[in-house]
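Here are my notes on the model, as numbered points. Please read them alongside the coordinates.

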Amino acid sequence: MKNGQLITIKELVKDYPVGKGYFRALEDINLTIGEGEFAGLVGPSGSGKTTLLNIVGSLDVPTKGEVNVLGQSIGSLNARQSANLRNHSLGFIFQTYNLLPVYNVFENVELPLLLLKMEKDKRRELVDQALEWVGLQDKRKSRPAQLSGGECQRVSIARAMVKSPKIVLADEPTANLDAKNSHNILQTMEKLNQELKTTFIFATHDDKVIQYLHRKISLDDGRVVNDEQIIKE
Amino acid sequence: MLALKLAYRNLMGARLRTWLNVFVLSLAFVVLIWFKGVINGWDDQARRDTIAWQIGGGQYWQENYDPYDPFTIDESHGIISGKIQTAINAGKMTPILIGQATMYPEGRIQSISLRGVDPNQHIIDLPTQYLQSEDGEIPAIIGTRTAKNNKLSVGDFVTIRWRDVNGTFDANEVKITYIFKTDVPVMDLGIVWIPLEQHQEMTRMPNEATILTTSKEDGFIGDFPGWNFKDHYFLLSEIRNMIEMKSIGGSIYFIVLMSLAMLAIFDTQVLSIFRRQKEIGTHIALGMTQRQVVTLFTVEGAMHSVLAAILAAIYGVPLLWLQAVVGWSMPAGTDDFGLTIAETIYPSYSLALVFGTTAIVLITTTVVSYLPARRISKMEPTDAIRGKIQ
Ligand SMILES: Nc1ncnc2c1ncn2[C@@H]1O[C@H](COP(=O)(O)OP(=O)(O)O)[C@@H](O)[C@H]1O
Ligand SMILES: [Mg+2]
């Protein structure tokens with residue numbers, strides 16, 4: 001990692017095989033993202049936001065180019081190594097929350113810590129803390145089906161944050177939420193970003209999200225068309 | 001192990017579906033163990049009773065004797081040599097003389113096997129003490145089946161006609177002195193037992209016998225010319241074959257129940273992997289490898305059998321135990337089929353049976369769970385996360 005950069009992307013190209021040919025979802029992406037950023041990939045539907053986020057999250061691999069996340073080259077990791085990277089350093093927040101329906105809130109948030117083979121007491125402590133961050137201490141025994149959409153997304157933030165990862169990747173986190181809940185979870189994430197210096201990268205086309213961003217990386221048709229810092233007073 | 005813990009959580013979370021599968025599987029457990037237990041119990045009982053009543057430690061057959069060929073019976077008798085007599089006197093064996101005869105109960109004609117046995121023998125359980133002759137009458141004992149078939153009771157006289165060694169017919173009356181009950185029908189059906197010496201005299205075959213039954217403790221006690229020793233393996237082969245047939249028949253219940261359970265679990269797995277794609281993707285995003293998720297789903301499926309074993313133990317142990325103590329009553333009339341079967345069978349369960357069953361169920365369930373779970377490793381994590389149907 002040079003110069004405190006967590007993520008370095010050089011000449012990234014992503015093609016998806018389609019029929020006999022391929023579809024180019026990302027073209028010549030060059031980006032660096034540093035520690036503590038609160039950045040967003042912004043653009044219309046189909047512009048390649050999710051694709052880029054998935055590659056950074058090591059859930060997908062580049063077709064060409066170099067993507068370096070926390071010193072690791074995404075294209076060259078084996079299954080074990082990429083799982084390790086996600087396990088230790090990356091948190092994910094999804095549009096559809098992706099909570100495990102048969103687990104209660106506590107168990108959902110605890111899962112990443114189980115995968116880290118953490119001790120029970122330590123897990124409890126960290127889950128309690130994460131639930132406090134998102135204000136859900138009193139819902140620990142509830143199942144996802146008993147929660148509102150806003151609460152579910154808060155659980156998923158807690159799950160992403162519980163292991164204090166370096167980077168949290170949030171794909172359209174507000175798409176299923178009303179304005180009030182959207183602001184609520186954005187404020188929560190903004191607070192965590194400031195207090196814990198966690199890097200947040202959003203993929204979004206929601207103005208409510210965009211107004212919180214400190215950096216707006218605009219994508220169109222698989223290319224970065226604009227990249228601006230937003231100075232907050 | 002993490003997979004165990006997570007699999008347990010997933011199963012417990014799935015509640016009703018899990019318990020339905022587990023219940024069917026537990027039935028397979030209990031039915032197999034119960035059935036095998038009954039078969040084992042029956043096998044034990046049949047062997048025990050056959051040994052006690054009929055074959056002792058094995059039998060010497062006069063070399064012409066063939067129980068399946070009634071035409072040879074007239075030639076199947078041999079002299080009790082001095083050497084044999086010594087063994088008899090030492091209580092090592094008892095001679096039986098078998099002949100063909102006709103009985104005339106209430107004017108009907110009934111072909112029977114007339115058998116002479118030593119009233120003082122203690123080798124087999126046949127109650128020969130009732131064959132002590134009194135006032136010149138010929139005492140005879142018969143089994144309950146023969147008594148019922150011929151409407152005979154204790155104290156009845158019945159006419160018997162036989163041929164002596166020269167083929168000359170003779171007839172006399174015998175008096176039924178006792179009717180015994182036995183679980184070994186071949187000691188009962190169509191047989192009239194009379195004192196050995198009487199029979200030898202009637203057939204003019206003094207000092208002759210057809211079979212020599214040895215005591216349980218002695219068995220083979222050396223070669224006697226003109227006599228062939230038949231051991232337990234030979235003499236119990238019919239029971240063994242019957243038990244084997246019953247075993248196969250019973251295994252069909254187990255196979256049906258197992259198939260049912262396996263189908264349910266396979267279906268659950270296929271459905272799980274289809275419906276829980278998002279969950280699979282989420283596990284991967286949270287840091288599991290695809291192979292770990294395959295393991296997780298396999299363990300989850302296989303765990304059905306562990307839960308089933310526990311459930312089976314909960315209701316099965318008292319049930320099976322009760323069966324072992326009170327026994328399982330055979331439907332009335334079962335003994336008329338000529339099977340060596342007691343009115344009540346006490347199932348006997350072995351550790352090998354319990355562990356063997358558990359192993360079979362566990363292995364089958366694991367395989368059935370693994371097959372659909374393999375698909376997970378072929379999924380694209382990004383598609384799985386979105387729950388995109390493939
Ligand atoms: N697995 C795939 N196979 C083929 N095309 C895909 C696949 N995933 C995404 N695409 C295409 O790539 C483009 C970018 O998709 P995506 O990154 O999901 O966009 P966004 O998240 O900005 O809406 C879209 O045109 C989409 O149809
Ligand atoms: Mg998207």
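1. An oxygen atom of ligand 1 is 3.0 Å from a polar backbone atom of Gly48(A). Ser47(A) places a backbone N or O atom 3.2 Å from an oxygen atom of the ligand, and a polar side-chain atom of Thr50(A) lies 2.6 Å from one. Polar contacts here are pairs of N or O atoms within 3.5 Å. The protein buries 73% of the 560 Å² that ligand 1 exposes when taken alone (Shrake-Rupley areas, 1.4 Å probe).

2. This is a predicted model, in which local features need pLDDT of at least 70 and side-chain atom pairs pLDDT 80 or more, while totals for chains, interfaces and linings use all residues. Residues are numbered from 1 along each chain as written, chains are lettered from A and ligands numbered from 1 in the order written, and side-chain values use heavy atoms, without hydrogens or water.

3. Residues around ligand 1 (a heavy atom within 4 Å) include Tyr16(A), Phe23(A), Pro44(A) and Lys49(A).

4. The largest nonpolar core has 78 residues, and Ile7(A), Ile9(A), Leu52(A), Val69(A), Ile167(A) and Leu6(B) touch the most other members. A core is a set of buried Ala, Val, Leu, Ile, Met, Phe, Trp, Tyr and Cys residues joined through side-chain atoms within 4.5 Å; buried means under 20% relative accessible area, with a 1.4 Å probe and protein chains only. Apart from this core lies another of 37 residues, among them Phe38(A) and Leu213(A).

5. Beyond four places in sequence, Leu6(B) is in contact (heavy atoms within 4.5 Å) with residues including Tyr103(A), Leu111(A) and Met288(B).

6. Ile194(B) counts as buried because its relative accessibility is 0%.

Key:
Buried means under 20% relative accessible area, exposed over 50%, partly exposed in between (1.4 Å probe, protein chains only). A polar contact is a pair of N or O atoms within 3.5 Å; within protein, one must be able to donate a hydrogen and the other to accept it, and residues adjacent in sequence count only if both atoms are side-chain atoms.
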